[in-house]
Each structure stands twice: as C-alpha cells, then as structure tokens.
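Dear colleague,

I am handing over the structure that we discussed, with its sequence.

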Amino acid sequence: MGEVGKILVIDDEAVIRDGCRRILGKEGCEVITAANGEEGVKAIQKDPQEIEVVLLDLKMPGMSGMDVLEHALALEPSLPIVVITGYATVDSAVEAMKKGAYDFIPKPFTPDQLRLVVNRALEKRKLEREAERLKAQAARSLKDVATEKSKVRTIINCMADGVLVTDREGKVVLTNPAAGRMLGIRADTCLEKPLYEAVGDEKLIEAVQGVLKPENPEVATISQELQIGDSLIRAHTAAVKSEDGEVLGTVTVLEDMTYLLELDRMKGEFIAMVSHELRSPVSAIEQNISLILEGLAGEVTEKQRHLLSRAKERSRGLLELIGDLLEMSKIDAGMALQRKEPLQVEEIVEKVMELMEAEAQAKGVALQFKITSPLPPVLGDRDNLEGVFTNLVGNAIKYTPSGGEVKVEMSPEGDYVKTVVSDTGIGIPKEDLPRIFDKFYRVKSEKTRGIVGTGLGLSIVKSIVEAHLGSISVESEEGKGTSFCVLLPRQT
Amino acid sequence: MAKKILIVDDDPDLVEAVSTILESKGYEVAAAYGGVEGLEKAKTESPDLIVLDVMMPDKDGYVVCKELKADPKYRSIPILLLTAVVSKLSVTRYTQQMGMETEADDYVDKPVEPEELVRRIETLLSK
C-alpha cells in the first residue's frame, strides 16, 4: 500500500477487528476500530477527512450497518465504504451498494482478499481527492482570471485619461468612457472598426499607423497635441509588442489639457488683478508720502521726515516684493523662456551696466566692465537674462559702501560663457552662503538693516539661469566682498 | 500763461497727488478718472501735456495713447505714461516694450519722485 491511511473497522466481532488491524497494520496503515455502529459513526464524525476507508460489518447488534452507511455517507459522500457481509447474501451487499457503499467483501476473507479490496478503496479515495483538488484549483484560477479581467476593465473605465487600444490592423479593440468623451466617439459603435472609421482625427490615425509600421524602429512612442472641438488633448501613442518584438497593436493614452489652459488663463487674470489691485494702493501711499516729504503739504519737521522716509522705504520694498512675486509666478508657469534666440550676452550686460551707471554714481560706487576675449553666442531669453544681470549688478551696488567697486568680467570657458560679478561690499557670512538662493531668504545683520529687499531676487536669478541650463555660484568673504559667477551654455 | 496738464488715472488719490505736485509748480491741472474720460478731455481741454496712467479698467493708457497719436489734431500733445512696474527685472523689459509698442513721448514708474516728475514734464514741454 505504501501510503499511510487511516482505516476504520466497524465490526462487533473482535476477531475481525484484530485480524484487520494485524493485516493492514503490516501494510503501514493506521487502523482504528469500533465495536458497534454508534461508536463507528462517532469515529467518522470526529473528522471525516481523516479516514481513508471504512470496513463496515452489516450485521451488528444495535445500530445496523445500513444505518451506519447512511450516516457515514451523509458526513462524507466520497468516503469509500467496504461492507463486510457475514452471511454472504448477494441481496444485502447489493442493497448496500445501492445505498452508496463502494465495495463488499464476504466473510470469511483471506488477508490477500482484504488487502486487495482495501487497496482498491484507498486508490479510489486518493483519485477522488486529487480530482477534487484539481476541480477546486481550476475553479479558483477561473475566478482569478475573471476577477483580474474585471479589475483591469474597472480601472480603465474609471480613469480620467482616455485609453484607446487597436490591434495590429489598426482596428479599435478597446476604449474607455474618457476616450469616448475626448474623441467624441461611442464605445459600442466603434469597436472592431478600423480607426479611420471610428475616429475622425487624422493626426491620431497617423500616429497609430506610425507606431504600427515605424519608418524608424527606434520610434516606439508618438506624443502630440490634438485640437478636437474646443478641447486640447495630449495623446501618447505606443506600440504593444510581444516578447520577441513583434508589434501586436497600439495603445493611445489621451490626456485632456483643456482645463490646464483654463487654469493658465485664470492665472493670467489673477496676476493682472493682483498687479493692479495690490500695486495701486501701495503706489498711492508712496506717492502721497513723497509729496509730504517734498514739503508740498506744509512744513515737515526733522522727526517727521525721518519717519516718513522709513515708511516710504518700506512701501517701496512692498512694491518690489509684489513685482518679484509676479515675476516668480511667470517663471513658475514656464512663461519665462518663451522667446529663446541666439544672442551675445555681453551686449546685454553692457546695456545693464549703462542702465545701472546712474545708480552707482549716486552711491559713489565705481563700475568696471571687462571682456577678455570674443564670446560665443548663447541661446537665451533676452529679457530674462537682462533681469539676471540687472539683479546681480544692482545687488552688488546695493551692498557695496561708497568708495567701493563693482566689477563685471566676461570670458569664454569651455562650452560656457562665464560672467563674474564681483564687488568690494560687505560680503555674506559663511553660514548664510548656502541659503542665499532660497526664496525669501535674506541675510539679517547690523549692516543689512538699512537695505530694503524682498529676498526673492536671487531665487529668480537662479531659476532663470537654470532654465537656460546654466549654473550660478557664489563666493564671499565677510567685509571684503562677494562674487557671483554665472555660466551659460554656448549655442550648439 | 500757465501750461495746462491733463492727468488721467483711475485712482483719485494718485490724481490728487500728481495735481498737488504740478500745481505747486504753477501748472494748471485738469483731471480725468478713466481712459474714456481722458480721451474726451484730451480733446475738449486742449492740454499742453497729458500724464497718462497705463492700467485703467475702461480703456487702458496704451489705447488712449494710440488713438490720440493717430489723430493729426492731437498728435502733437506730449504724453507721459505712468506705469506701475517696479520690479527691477521688469523695468528694463518695460523700457524696451514701451519704446517699441507705444508712441508715448516718455514714461515714468509709479510712484514717482515729485522732482523727477517735474523734470520729465519740463523736458517734454520744452521740446
């Protein structure tokens, strides 16, 4: 028999019970016994799965073998029950078989007969168990597949982005409601239709054809913007490939950009609103203060003059902050680099120097400008670069005491144009250096107290330089001066 | 006879401030509180110079300026545009754009130093 199986022998004759135990025990079976029907049913009830085969005497005092048979099969329908018929009548064996017994063995039996019949029953039990296991497994995986399919379907249908799948012939095989909405198509009418019948947009059809039969096999994805009605749709089309690289179809993911345009417009309106509503009152405040300071509203005492001067400086700072914030929001919105053109940075710097000359003179700071050798052109936004150098030179003048010097030196450096703006000003403390490009960060000290600033300037400068794929660094020694180095990549 | 200057700005406080500055210098002042009114007064008041705000809700300064400069009868009135651009980054950009996009004779940032305003006006009037 080989395998260990628990065999239950129900017989009122101790001789049979012991005989079975001995014979089957030798085969490696664990044999449990019951001396009557009630005991037998109890043993099965305990754990019907534990018992492999039941040997059941039909003729017993008390509960009859037939009753035990019924009980046992009710508990475990696939339990093989071999009935032992003492008087060897075909009738009772046939009745037991009809009631679901698996086999019968007439008394008296030889050990071989017993082994044979029990073996067969064990085999049957084993096969049935295996069949059941396979059935359960199949049911489970079928359920898994169904669940997976429905899950994927649900995910695709719930997506805010549109999904459009075609086969290798370009026929539509799957769409989701979002795609239907964006492309103005209905899922049920476009399935199995060629794309050009289902979808009107030519650019999309071209993209699908493009990835199905790529002229350049490197092209796996095509991204483009589609104007469909009033909507702007961004479409990413990619090929679906088998493991060996064969193109099986395409997937297009559609993203509705219309709301972004709307947001952009609202942002523009908001900026315009802020620039007017926030600046105007502060301008009016400052204008009136200037007027009073000028003595146009009557005599001003020294104390009043001092206080009004401070008030004016603060309102000036506020105006600068508003201006910088607006500038910042434009850069954040990616509007800063809309007009890139080849340009000579030195021309921009020169112009900035001219514009700053008056401010420097008024402060008693000398301006110097030097170009060491001819510079290559840079691809950049003129206005923004002007802003960068206006800011750096302006700062240098602002933080350099009277009698000092602000120097701008330009030179080619590898693939970059290098501009160094250095001053002999108050310098930046070491601990503040790493943070000076942070938004709203300002060095606070005795020396900077009288200087009005927003703390946004350098962060804007950095954003602009980085948007040009350049870099900016700073070196400074407190009390001696500061130098900013801007590297802008040459046009390639 | 005192020269007449028309101030066009939707902000009454600013109109008052500029008026005060100009009146202190002996100019005669007329005021308009919007672009449409400004355009009208430019024609009825026949000012010697116009101080014109850019951002106005009904009709902005660029449009007013353009319309006046397009009319041969008023083309010769000098226009000083008042802008509200204070950010250093924008200043240079504005000077460029202003020069290119409008035919204004000069521009000045708002708020303006009284001395600076008077100096600019005197320069324009002496041309």
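Which residue stands opposite A:Val247 of S10(A)? That position is taken by A:Lys241. Before the remaining findings, two remarks on conventions are needed. This is a predicted model, in which local features need pLDDT of at least 70 and side-chain atom pairs count only at pLDDT 80 or more, while totals for chains, interfaces and linings use all residues. Residues are numbered from 1 along each chain as its sequence is written, and chains are lettered from A and ligands numbered from 1 in the order in which they are written.

The two chains

Chain A has 15 helices and 17 strands (DSSP runs numbered from the N terminus, with at least four residues of H or I for a helix and at least two of E for a strand). Chain B contains five helices and five strands, arranged along the sequence as β-α-β-α-β-α-β-α-β-α. In chain B, 41% of the 127 residues count as buried.

The sheet around S10(A)

S10(A) belongs to an open sheet of five strands in chain A, ordered S7-S6-S10-S9-S8 and paired antiparallel (two strands pair if DSSP finds at least two bridges between them). At the edges are S7 (172–175) and S8 (221–228) of chain A, each of which pairs on one side only. On average, neighbouring strands of this sheet are turned by 20° against each other, direction ignored (axes are lines fitted to C-alpha atoms, for helices over the stretch in contact, and angles run from 0 to 180 degrees between N-to-C directions).

S10(A) is joined to S9(A) by nine bridges and to S6(A) by six. In the latter pair, A:Val163 has A:Val253 as its bridge partner. S9(A) and S10(A) form a hairpin with five residues between them, and A:Gly245 in the turn has a positive phi of about 90°. S9(A) also pairs with S8(A), over eight bridges; there A:Gln224 is partnered by A:Ala235.

The helix across the sheet

Helix H9 (residues 202–212) of chain A lies across S6, S8, S9 and S10 of that chain, at about 20° to S9(A). Its buried residues are A:Leu204, A:Ala207, A:Val208 and A:Val211. They lie on the same side of H9(A), because they cover an arc of only 95° around the axis (the arc is that of the directions from the helix axis to the C-beta atoms). These residues pack against S6, S8, S9, S10 and helix H8 (195–198) of chain A.

The cores

The largest nonpolar core has 37 residues, and A:Val54, A:Leu55, A:Leu56, A:Ile81 and A:Val82 have the most contacts inside it (a nonpolar core is a set of buried Ala, Val, Leu, Ile, Met, Phe, Trp, Tyr and Cys residues joined through C-beta atoms within 7 Å). Apart from it lies another core of 33 residues, including B:Val8, B:Leu14, B:Ala32 and B:Val51. Leaving aside residues up to four places away in sequence, A:Val54 touches A:Leu8, A:Ile10, A:Ala72, A:Leu79 and A:Ile81 (contact requires C-beta atoms, placed from the backbone, within 7 Å).

With kind regards

Technical notes. Buried ≥ 20, exposed ≤ 12 C-beta atoms within 10 Å, placed from the backbone. Contact = placed C-beta atoms within 7 Å.
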